[in-house]
Amino acid sequence: MNDDALVFKALADPTRRLLLDRLFERDGRTLTELESAFEMTRFGVMKHLRLLEDAGLVVARKSGRVKLHYLNPVPIRLIHDRWIDKYTEPHVSALAELKKELENER
Amino acid sequence: MKKVFEIYIKTTPERLWEAITNGEMRSKYNFGARIKSDWKAGGRYEQSHPSSHTLLGEGQNLEVDPPRRLVQTMVALWDDDVKKEGASRITWEIEPVGDSCHLTVTHDQLREGANEQLYGGWPMILSGLKTLLETGELLTTPGSLMYATPSSRR
């Protein structure tokens, strides 16, 4: 599977999206902190975290005895630049043109 | 507060180091901002943009170990809100993996709840760096062109 496919697959699951949102709110959390938000076994949350790590969306760093998890938003940015900006930009600039024209008419 | 950013780029550590430390190359993916330094440990660096008569950022090089590791302090100067944040620390680590490099940028010593402008630009900067090194081209997404200058588009 290529990098993009890993990211899309990682994002396709609601539990994993929620994990990303929790890390977005506050970075550098332990598994214990993260699992408290889920009605799921510790093992289940760990499995989802592993998939997020494989996709590069979560980075784990040891700090003393604990493992802290950080959100790495770079792969999402790469998807944005490759798959989203391209399709949304023409609409944005068309609207900007329209605004300019309408405002000039006044 | 600490933020960690990682990316894989198909290039050599030497080219990656050059793209990070060469003023002209840096301006092509870093919101048009050039970087200038003698790249000696303990020395200073400055970031500037042709459309601004004041510096956008400055700091000190704490560790300079080409082409593997660069540790710098960063003082953002682009507006009054970010100026209030004072100094934070940026660590660039380059690790060769097969035909690529694993680049990690760790931005720490940030105040808890620090202004997002300080670290929010990293994904766009690193995406632009990857595109530049892998294709020789510039990212042309609207966000990355926002601060581009005629000379940095070349």
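Guide: L126(B) touches V74(A), F5(B), I7(B) and V105(B), leaving aside residues up to four places away in sequence, where contact means that C-beta atoms, placed from the backbone, lie within 7 Å. This is a predicted model, in which local features need pLDDT of at least 70 and side-chain atom pairs count only at pLDDT 80 or more, while totals for chains, interfaces and linings use all residues. Residues are numbered from 1 along each chain as its sequence is written, and chains are lettered from A and ligands numbered from 1 in the order in which they are written.

L126(B) and L16(B) have the most contacts inside the largest nonpolar core, which has 39 residues; such a core is a set of buried Ala, Val, Leu, Ile, Met, Phe, Trp, Tyr and Cys residues joined through C-beta atoms within 7 Å, and buried means that 20 or more other C-beta atoms lie within 10 Å of a residue's own. Helix 4 of chain B, residues 122-135, gives this core its largest share, six residues, helices being DSSP runs of H or I with at least four residues and strands runs of E with at least two, numbered from the N terminus.

Where the two chains meet, the contact takes 13 residues from chain B and 15 residues from chain A. On the side of chain B that touches chain A, strand 1 (3-9) and helix 4 of chain B each supply at least two residues, and strand 1 of chain B gives the most, with five residues.

Key: A residue is buried if 20 or more other C-beta atoms lie within 10 Å of its own, exposed if 12 or fewer, and partly exposed in between; C-beta atoms are placed from the backbone.
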